[in-house]
Amino acid sequence: MRARLSTLWIVVMFTMLYADVLSFLNAGFLRGLLAGHAEGVPVTPLLLVGSAVMVEIPIVMVVLSRVLKPAVTRRVTLVAVPLTAAFIIGGGSAKPHYLVLAAVEVVCLAVILRQAWRMDTSPAVSRPAG
């Protein structure tokens, strides 16, 4: 389960990155960035810090999914998934490439949420050998 969650977070992370890379290939978008705005939104230091924090969530979840106890993983995931989904949907674009990649991200987040919800959080019972 830990490896599955971690792998899904990796898919979300790389898909978010690729959506940005493809956006940079659009000359109009790139001109806007050079002029200090992204699709009409001013690019400020605060916006950049906020975006960095939001993108860091999937990156950190790759590791946390592997190292935290299942009960803690569940709780952290139940916070991380909606925050990441809000960032993807709220900070996104209506460009076709972004809609396709955002759909992949949201589906992965839904699977992550379902897996975390169904995760066995009961303490492992150790049995004597023999």
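Me: Why is leucine 17 called partly exposed?
Reply: Leucine 17 has a relative accessible area of 48%. Buried means under 20% relative accessible area, exposed over 50%, and partly exposed in between (1.4 Å probe, protein chains only), so leucine 17 counts as partly exposed. This is a predicted model, in which local features need pLDDT of at least 70 and side-chain atom pairs count only at pLDDT 80 or more, whereas totals for chains, interfaces and linings use all residues. Residues are numbered from 1 along each chain as its sequence is written, and side-chain values use heavy atoms, with hydrogens and water left out.

Me: What makes the pair of lysine 95 and glutamate 39 a salt bridge?
Reply: Their side chains meet at 3.9 Å, N to O. A salt bridge requires a side-chain nitrogen of Lys or Arg within 4 Å of a carboxyl oxygen of Asp or Glu, so this pair qualifies. The structure holds one salt bridge. Lysine 95 is in the loop between helix H4 (70-90) and helix H5 (96-118), and glutamate 39 in the loop between strand E1 (37-38) and strand E2 (41-42), so the pair ties together parts 56 residues apart in sequence.

Me: Is threonine 77 buried or exposed?
Reply: Threonine 77, in helix H4, has 0% relative accessibility and therefore counts as buried. Leaving out residues up to four places away in sequence, threonine 77 touches Met61, Pro82, Ile112 and Ala116, where contact means heavy atoms within 4.5 Å. Other buried residues of H4 include Thr73, Ala80 and Ile88, and the cover of its buried residues includes H1, H3 and H5.

Me: How do you know that the span of H4 agrees with expectation?
Reply: The expected span of a helix is 1.5 Å times one less than its number of residues. For the 21 residues of H4 this gives 30 Å, and the end C-alpha atoms are 30 Å apart, so the two values agree.

Key. Helix = DSSP H or I, 4+ residues; strand = E, 2+ residues; numbered from the N terminus.
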